[in-house]
Amino acid sequence: MVKKVLLFGDIGIDDTVALIYARLNQEIEIVGLVADYGNVSREDAVSNIYYVMKLFDFPKEIPVILGAEIPLTGEQPTYYPEIHGERGLGPIIPNEDAEIKIENFWEIIKIIEKYKDELIIVNIGRLTSLATMFILYNKLMKNVKEIYMMGGAFWVPGNVTTVAEANFHGDPFAVNIVLTYATNVTIIPLNATQKAIVTPGMVDYIDSFGKTKILKPLMQYYTRFYQERDPSLLGSPVHDALTLMATIYPNMFIYDSYPVTVVDKLEGPARGQSIAQTRPYENLNDGKKRHRIAFDIYYDMFFHNFMSIMTGHK
């Protein structure tokens, strides 16, 4: 059965790889795209979405929705041009600045009402917009079938601080709201995503089939950053594409379920740290909500699926 996916994203390089993967995978139907701040500004995220949609001939009826511009913390966001490029697409500057003239966040309500128990929300950026839905429409959100979020780092180094991953660090208040009120949540943290490595050789092979267009320059830019930071890496991780894969291929992951909280103190080194309550005697009949966490992946399955979808050849 085709998965109906409402995607929330701060459209940088790995988000764009996820969009390309979704477009080429016949088991995923994107039914809406929410543009958020994060890797880039909301304005750039909107522009990038329209650029990728046009380039890959996405259906024109897919709504592009303006999400959050700033986090619930009230801070001004930090962007990451050193990782994602000036506008979020590495060396590519979109030649069209598509702009939505009015705020249209309410479009999310229509999508949820239309698809109800079929709808899967995949959040691959900051969680501000998703948290806002629970603040404003908590009862409506109970109609969503599943929620997948890319974020967190459990007992592994973070990518913003020693203990925190970028999506959780950027708006820890929002993460805790979602974890408190959402049901059927799957967290895809750095534990899993940092192992979803795409090598330059893989990119060259994919590029030779001609289906992925801008993938090669994007991944070259992305890989250069990762290998400058850690020369031992063979390539770069596709965090967000892996999160989309989780909606279809649960057997690709090794999961466990725990109550999860995120440190939401804005000052100090622990900000954004994701904490799973793992002590068994605390978890017995404590009434706390448990969330499924992907702690590892089967790389062979990831490799074969990613290459198959991106080349169009099994």
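Asp44 counts as buried, with a relative accessibility of 14%. Here buried means under 20% relative accessible area, exposed means over 50%, and partly exposed lies in between (1.4 Å probe, protein chains only). The model is predicted: local features need pLDDT of at least 70 and side-chain atom pairs pLDDT 80 or more, while totals for chains, interfaces and linings use all residues. Residues are numbered from 1 along each chain as its sequence is written, and side-chain values use heavy atoms, without hydrogens or water.

**Salt bridges**

Asp44 pairs with Arg87 in a salt bridge, with 2.8 Å between the closest N and O atoms. Asp44 belongs to helix 2 and Arg87 to the loop between helix 3 and helix 4, so the bridge ties together parts 43 residues apart in sequence. Arg87 is also buried, at 15% relative accessibility. A salt bridge is a side-chain nitrogen of Lys or Arg within 4 Å of a carboxyl oxygen of Asp or Glu. Helices (H or I, at least four residues) and strands (E, at least two) are DSSP runs, numbered from the N terminus.

How many salt bridges does a search of the whole structure find? The count is 9. One of them joins the side chains of Glu103 and Arg42, at 3.1 Å from N to O. This pair spans 61 residues: Glu103 sits in the loop between helix 3 (81-84) and helix 4 (107-115), and Arg42 in helix 2 (residues 42-55). Glu103 is partly exposed, at 48% relative accessible area. Arg42 is buried, at 10% relative accessibility.

A local bridge links Glu107 and Lys110, with the closest N and O atoms 4.0 Å apart. Glu107 is buried at 18% relative accessibility. Lys110 is partly exposed, with a relative accessible area of 45%. Both residues lie in helix 4, 3 residues apart, or about one turn of the helix. Elsewhere, salt bridges with shared partners join Arg42, Glu69 and Glu103 into one network.

An open sheet holds 8 strands in the order 3-2-1-4-5-6-12-9, with mixed pairing. Its edges are strand 3 (64-66) and strand 9 (253-258), each of which pairs on one side only. Neighbouring strands are turned by 25° against each other on average, direction ignored. Two strands pair if DSSP finds at least two bridges between them.

| Strand pair | Sense | Bridges |
|---|---|---|
| strand 4 (residues 119-123) and strand 5 (residues 146-150) | parallel | 4 bridges |
| strand 6 and strand 12 | parallel | 2 bridges |
| strand 9 and strand 12 | antiparallel | 6 bridges |

Individual partners can be named. Ile187 has Ile293 of strand 12 as its bridge partner. Why is strand 12 called largely enclosed by the rest of the structure? The reason is burial, because 5 of its 7 residues are buried.

Ile120 faces Glu146 in strand 5. Helix 12 (residues 239-246) packs on the sheet and touches strand 1 (3-9), strand 2 (28-35), strand 4, strand 5, strand 6 (185-188), strand 9 and strand 12 (291-297). Contact means heavy atoms within 4.5 Å. The direction of helix 12 makes about 160° with that of strand 5. Axes are lines fitted to C-alpha atoms, for helices over the stretch in contact, and angles run from 0 to 180 degrees between N-to-C directions.

**Helix packing**

Helix 12 also meets helix 1. Their axes are 6 Å apart and cross at about 40°. Helix 1 and helix 12 are therefore oblique to each other. On helix 1 the contact uses Asp14, Asp15, Val17, Ala18, Tyr21 and Ala22. On helix 12 the contact uses His239, Asp240, Ala241, Leu244 and Met245. Angles under 35 degrees count as roughly parallel, over 145 as roughly antiparallel, 65 to 115 as roughly perpendicular and the rest as oblique.

Helix 14 (residues 299-311) has 13 residues and should span 18 Å, in agreement with the 18 Å between its end C-alpha atoms. The expected span is 1.5 Å times one less than the number of residues. Which residues of helix 14 are buried? They are Phe302, Asn305, Phe306, Met307, Ser308, Ile309, Met310 and Thr311. These buried residues pack against helix 1 (13-24), strand 7 (197-198), helix 10 (200-207), helix 11 (215-229), helix 12 and strand 12. Just after helix 14, Gly312 adopts a positive phi of about 80°.
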